[in-house]
Amino acid sequence: MEGMRLPIEEQLSELEELVRDSEGKDELEEQKPTIPEELNIMPLRDSVVFPMLIAPLNVTRESGIQLVDASVVGDNRVIGVIAQKRASDEHPTFEDVYEVGCAVIIRTLVKLPDTVRLIVQGISRFRIVERLQEEPFLRARVEVLEEPSLDSLDPEEIEALRRSIAALFDQAVRLSTNLPDELRSLTQAVQEINVMADLVAAHTNLPLTDKQEVLETVEVPDRLRALLGMLGREVRVLELSSKVQNEVSTELSKSQREYYLREQLKAIQRELGEDDDRGEDLDELRAKIDEAQLSVEARKEVDRELNRLRRMNPGAPEYTVARTYVDTMITMPWHAATEDNLDLGHVLEVLTADHYGLDKIKDRIIEFLAVRKVKTDGPVRQPILCFTGPPGVGKTSLGRSIATAMGRKYARISLGGIRDEAEIRGHRRTYIGAMPGQIVQTLRRVESNNPVIVLDEIDKLASDYRGDPSAALLEVLDPEQNGTFRDHYLDVAFDLSRVFFITTANRLDTIPGPLRDRMEVIELGGYTEEEKVEIAKQHLVPKQVEEHGLSSAQIKFTDEALKAIVRHYTREAGVRNLDREIGTVVRKATRSFAEGRKAKVTAGTRFVEEALGAPRYLHDEVDERELVPGMAVGLAWTPVGGDVLFIEAARMPGSKSLIVTGQLGDVMKESVTAALTFIRSHAAQYKIDDEIFQTSEIHVHVPAGAVPKDGPSAGVTMLTALTSLLTGQRVKQRLAMTGEITLKGQVLPVGGIKEKVLAAYRAGVVEIILPEQNQKDYLEDVPEEIRKVLKVHFVRAAHQVLKLALEKKSKS
């Protein structure tokens, strides 16, 4: 059951008939039928009936049809109608309808096969006071809510409210397309202020709750004020709707005018005999522009260039430039993006399957996706990561793995050797052969505005008279600025804030400070022997077997063979050389199959030696050299991983001078001087004759003289080598050390602890001296299996270093 309105002309004529020739309120009251104390209640969907309102009703529910039949048979044509709280309720009870409704009299009744059509007229408000029955239809005892007398009210206030309502209702009728203009006379035709308020509420497009509020408000001033507020809101909404419709109509008129003018231009061109192929081409270009979803700024620029193309001769040089620019703009991924894979378990599985270890990086990616999964409102800042570490540890390949795990497109830009700023920002279109920068070109290729882009070898950037590419990257890699990145070629803002940038570097000291500050640096240290063996088993061997056309059923590597390759044929922080050596072994097996072999090849230590030749590193690097007084083993960090340094000192007759060789940097030379000064100032403590310093020249040399060396971390090693020389005490075998020394003998912390410890372990060192403040780095970064093998001393003073490092003099 739901309310329907009669045509407004019929309602007005009915209303005029009711009030025509009436001589006041008393006579009108006499026309009202008597309302019984008990009423049959009919719930209405999306409709409120007011007193004096004539309304059609379609009764379709079985309970409603039974109610009508019972009322007509009982010769009681007065029933109650109440609005449902929810229109979706098919079997409403008293809990589903409001407490206040309107008593109506059935004026007309027409029975059809599936429905009953009624025309009813509202009589008076009522309130339910007692619920009598719910089946087969609702029935209740009611209290009639009589209209209050208007005599005691302030006539000026009532008149002011009446005029305000009449003005707003007139404005609502004028603005609304659903209300006929005849309704504007409604407020003048009805003299009773309470009836006028009810009829205005009934005919205005108000929400059901607002109409019910008007029905439930008995006091006339309160009813008028409530209706005034509702009409004010409705008029404001209608004004806004009218404004929007006018703007849309204006845009449509403008588009229609442009279309008409273009058709005229085409007709003129046909009359002139000009070829229309170019017009069709430009029309296709216009269609592509409409589909490209460009930003407002980009659309303005592209439209300007397209209009230039229409007026330009295709043979002009500028035509190709403008056409290329438009093509570039419409192929940019302004809104094209891929959905991130937020299944954290699956992402971790993909990362683990592609790379062994690297837990820090995996945790960082999972944390980023966890934020994306939890934060559903607003953008999520993309991390800008910098993977730094020696070659061959998987920095670049990790970027591809991250893109695969997240379900994003992947691209790599090699920055090594780039010197021109235009490689990043692009060329301005005034130059011949101008083109966008690498960032924009990469986004065009991947056709997505949220790919994973790896900026490889960011520490190899250079600069010259053409600009500084690292300065151009300051905007690209700044989350606060890259949302409006402006390429010189595009000359409009493009949003890079959704791009996941990953940079790689072997060393950080060559990266400018402001650029380094914009990135989240994650260090990838070298691999241990056990980790290399696992990487070979899980990744390198299957890859090489597949690349050489074999299968796992044809060749198998033993663990001993892999350990032999790692230990005796490679000495590196990463696994690139290991990969090459495994490839050599697999090629040996492939040749045997090509020559007719059928049986499976088991690559053991003997097969490896046949393929690779004699082992290159039979003995540990430290064990290969015999330590004599004046020699000490230090630890150094290099861009390709950690390394061991053999520092040698010698004394000869001379005039108290110090010679330093081995292509040492200034900082390292100063470490030698500081160590010698400390020894001279504590000569008596270590029983060194002061005469030695007056009559001797001291020469300090670091082998591998072709390799530049610098840094303060060899300070304790210099101190130990010089003390060993001057006291004649040897340094303990298989002991290495690192740390900065001060003039007062303090040992300060240094960097690269993991790389240095792994290098010492590979070289055969079993005992290490480290600064006390580096203990946290050692425990956090060095794998536990390495820590179990090594004996490590943490020191804070020079005398502790010498006590631990020097062997005691043998008594002769």
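**Reading the labels in this model**

Trainee: Where is the place of Pro-136?

Mentor: Pro-136 sits in the loop between strand E6 (116–133) and strand E7 (138–145). Helices (H or I, at least four residues) and strands (E, at least two) are DSSP runs, numbered from the N terminus. This is a predicted model, in which local features need pLDDT of at least 70 and side-chain atom pairs count only at pLDDT 80 or more, while totals for chains, interfaces and linings use all residues. Residues are numbered from 1 along each chain as its sequence is written, and side-chain values use heavy atoms, with hydrogens and water left out.

Trainee: What makes the peptide bond from Glu-135 to Pro-136 cis?

Mentor: Its omega is near -5°. Most peptide bonds are trans.

Trainee: Why is Asn-774 called buried?

Mentor: Buried means under 20% relative accessible area, exposed over 50%, and partly exposed in between (1.4 Å probe, protein chains only). Asn-774 has 2% relative accessibility, so it counts as buried. The residue lies in the loop between strand E24 (767–771) and helix H27 (775–781).

Trainee: What lies 2.9 Å from a polar atom of the side chain of Asn-774?

Mentor: The backbone oxygen of Val-750 does. A polar contact is a pair of N or O atoms within 3.5 Å; within protein, one must be able to donate a hydrogen and the other to accept it, and residues adjacent in sequence count only if both atoms are side-chain atoms. At 2.9 Å, the pair of Asn-774 and Val-750 is within that distance.

Trainee: Why is the pair of Phe-368 and Phe-500 called edge-to-face?

Mentor: Rings of Phe, Tyr and Trp (its six-membered ring) pair if their centres lie within 6.5 Å; planes under 30 degrees apart count as stacked, over 60 as edge-to-face and the rest as tilted. Here the centres are 5.5 Å apart and the planes stand at 80°, which makes the pair edge-to-face. Phe-368 lies in helix H13 (residues 359–374) and Phe-500 in strand E13 (residues 500–505), so the pair ties together parts 132 residues apart in sequence. Phe-368 is buried at 4% relative accessibility, and Phe-500 is buried at 0%.

Trainee: Why is Asp-46 called exposed?

Mentor: Asp-46 has a relative accessible area of 55%, so it falls in the exposed class. Its phi is near 50°, a positive value in a residue other than glycine.
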